[in-house]
Amino acid sequence: MSEANEEPQMGTPVLLPLARRRWTRNPALDDMPVVQTVAIGSIAAPGDDTHAALAGWDEETRGWALQKLAAAHLDPAAWRASVVLEDRNDVSDEEWERMDCAPNALPEGSELFQALADVEDLQRLLQGLEARRVVAALRAWRAALADEGRPGAANTPYQKGLFLDLGAKLKVADSTAKTLVHTAARLERDLPLVWAHFLAGRAPWRAMQIVHAAAEGLDDAVLPVFDAKAVLKLDEVLMPSLPDALRRLAERLQPTTADERHERAAARRRYTIEAAADGMGWLHLFAPMADLLGMDHQVTKQAIAAHGRADERRGIQILKADVLRDGLRAFLRTDADPAREGDALVPGRRGVVPRVSILIPAMTALGRSTAAPVLQGYGPIGIRTALRIAGEATSWIRVLTDPFTGAPLSIGREKYRPTEDMRAFIRLLDGGNRGPGRPRGPDEVDIDHAESFRAHDERGETSVDNLMLLSRSDHGAKTAGAADADLLLDRTVVWQTPSGNKYVTRPLDPPEATPIPTELTDEDDCPF
């Protein structure tokens, strides 16, 4: 069992002992048990109650001490009780024998308790390594700023190259790497107690991200108080409840600026989709909570009403999802109602027919191959699902590929600007951003020339072999010279950053080889 961060001193004065027990610092090392005492010291002061006094101790000790206060009918918020350690020799043998044992001090030991204690110790070790990783990332960032000779510079080509490098080393998007160092720098500067807690391995990086988000928008004057209280929350609250606990803390510290902070947060509203297994996915909407609660009320009421039909077999949660899908699909197909322009968040909005793209190997469609169809922006899907979507298609693009390698051959067009057919083809081939940075779907990226277009220069031609999908960030980094990219014939892209590091990206779902069955070929004639 992990011990307190700041170990209490032996012989700490005790005013009113409530309970004693045997306790061991580290049973794995066969440490001798000592006496652990919970005692009332004084009436609590604001911010200095029992919970604050116990903050440095492990969960089991805190729970034991609070139970002893409850048994004595004492309010932990009204009294300051603490846990202190006493030497074994300070108590008589008779008293020692009568004492209860903490789980880590049982004479016969407990295999289960020790296994859980090992989990806790290893978790602390992992958190310590995570802290070292973040500190190393900060060091790399500051070294890059110094090398560039422009301290404080941001979004320069050199910095973009650094974050591509750093993201690749951390196995995250470049934007995530950038957020990591900026978050760490702010915690180090503005929340020193929280930062020290992290460096000591007492909280994971995810907790630091939550603290940083909760402190966003707080005035400098309240940051020290937030810092001190947030450290206590890190010890008291489990990760799933931490965002809500810190949000409530921030609201109480600065209630007069709630409206201004809400307006700043609302300016960051957005929605994203996230792929899941088995052809499914998640839709995430970050928007004002009042709006979301109102929509949830509408969806829930409609789902409950539908559930009351005699022939309805779907559960409420499935019905809520289907009500929302129906509403979004119908709404987005139609233009905004001119009569309700005043209520619209986006006046003049035009309806759009939904478009999805799939790549179905011809041999698969004929039942002669098991090569999986590919849904653009997702990946392989089942043939029945693909054929159902294809049955609703209003247009097709003919794509010729080498049946033995799957490599694209031609779509028969070469111009300065890619045609719509070429754009659709590139989206199918690449599936999304081909840069080493943040993943982006096929409709959220630019189509860029691998070799820059140059008049009368064959290397910069507009052809399938010289076009690739890049996010706006990666496109900008390449154009600014922060990274070089080579597109190979199999659509592998080799990137090189100013540091000399190289990174390789491959298409998410390149066309599979689908050899034509021999019974469908004519030896004297080319099948194409």
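Biologist: Which residues of α6 and α8 meet?

Modeller: Contact here means heavy atoms within 4.5 Å. On the α6 side these are Leu 180, Thr 183, Ala 184, Arg 186 and Leu 187, and they meet Trp 205, Met 208, Val 211, His 212 and Ala 215 in α8. By residue class, this contact divides into 7 nonpolar, 2 polar and 1 charged. The nonpolar class is Ala, Val, Leu, Ile, Met, Phe, Trp, Tyr, Cys and Pro; Asp, Glu, Lys and Arg count as charged, and the others, Gly among them, as polar. The model is predicted, so local features need pLDDT of at least 70 and side-chain atom pairs count only at 80 or more, while totals for chains, interfaces and linings use all residues. Residues are numbered from 1 along each chain as its sequence is written, and side-chain values use heavy atoms, without hydrogens and water.

Biologist: At what angle do the axes of α6 and α8 cross?

Modeller: Two packed helices are described by the angle between their axes and the distance between the axes. The axes of α6 (residues 174-190) and α8 (residues 205-215) cross at roughly 70° and come within 10 Å. Helices (H or I, at least four residues) and strands (E, at least two) are DSSP runs, numbered from the N terminus. Axes are lines fitted to C-alpha atoms, for helices over the stretch in contact, with angles from 0 to 180 degrees between N-to-C directions. The two helices are therefore roughly perpendicular; that word covers 65 to 115 degrees, whereas under 35 is roughly parallel, over 145 roughly antiparallel, and the rest oblique.

Biologist: How many salt bridges does a search of the whole structure find?

Modeller: A salt bridge is a side-chain nitrogen of Lys or Arg within 4 Å of a carboxyl oxygen of Asp or Glu. The search finds 25. One of them joins Arg 22 and Glu 97, at 3.8 Å from N to O. Arg 22 is in strand β1 (residues 16-23) and Glu 97 in helix α3 (residues 93-98), 75 residues apart.

Biologist: Is Arg 22 buried or exposed?

Modeller: Buried means under 20% relative accessible area, exposed over 50%, and partly exposed in between (1.4 Å probe, protein chains only). Arg 22 has 12%, so Arg 22 is buried. Glu 97 has 59%, so Glu 97 counts as exposed.

Biologist: Which residue forms a salt bridge with Asp 235?

Modeller: The partner is Arg 202, with the closest N and O atoms 2.6 Å apart. Asp 235 lies in helix α9 (residues 223-236) and Arg 202 in the loop between α7 (192-199) and α8, so the pair ties together parts that are 33 residues apart in sequence. Both residues are buried. For Asp 311 and Arg 309 the closest N and O atoms are 3.2 Å apart, and both of these residues are exposed. Shared partners also join Glu 312, Arg 314, Asp 322 and Arg 325 into one salt-bridge network.

Biologist: In which sense do β2 and β3 run?

Modeller: Strands of a sheet pair through backbone hydrogen bonds, either parallel or antiparallel. Two strands pair if DSSP finds at least two bridges between them. Strand β2 (residues 34-43) and β3 run antiparallel, joined by 8 bridges. Ser 42 has Arg 80 in β3 as its bridge partner. In β3 (residues 79-86), 6 of the 8 residues are buried.

Biologist: In what order do the strands of the open sheet of 3 strands come?

Modeller: The order is β7-β8-β9, with antiparallel pairing. β7 (358-359) and β9 (379-380) are the edge strands, each pairing on one side only.
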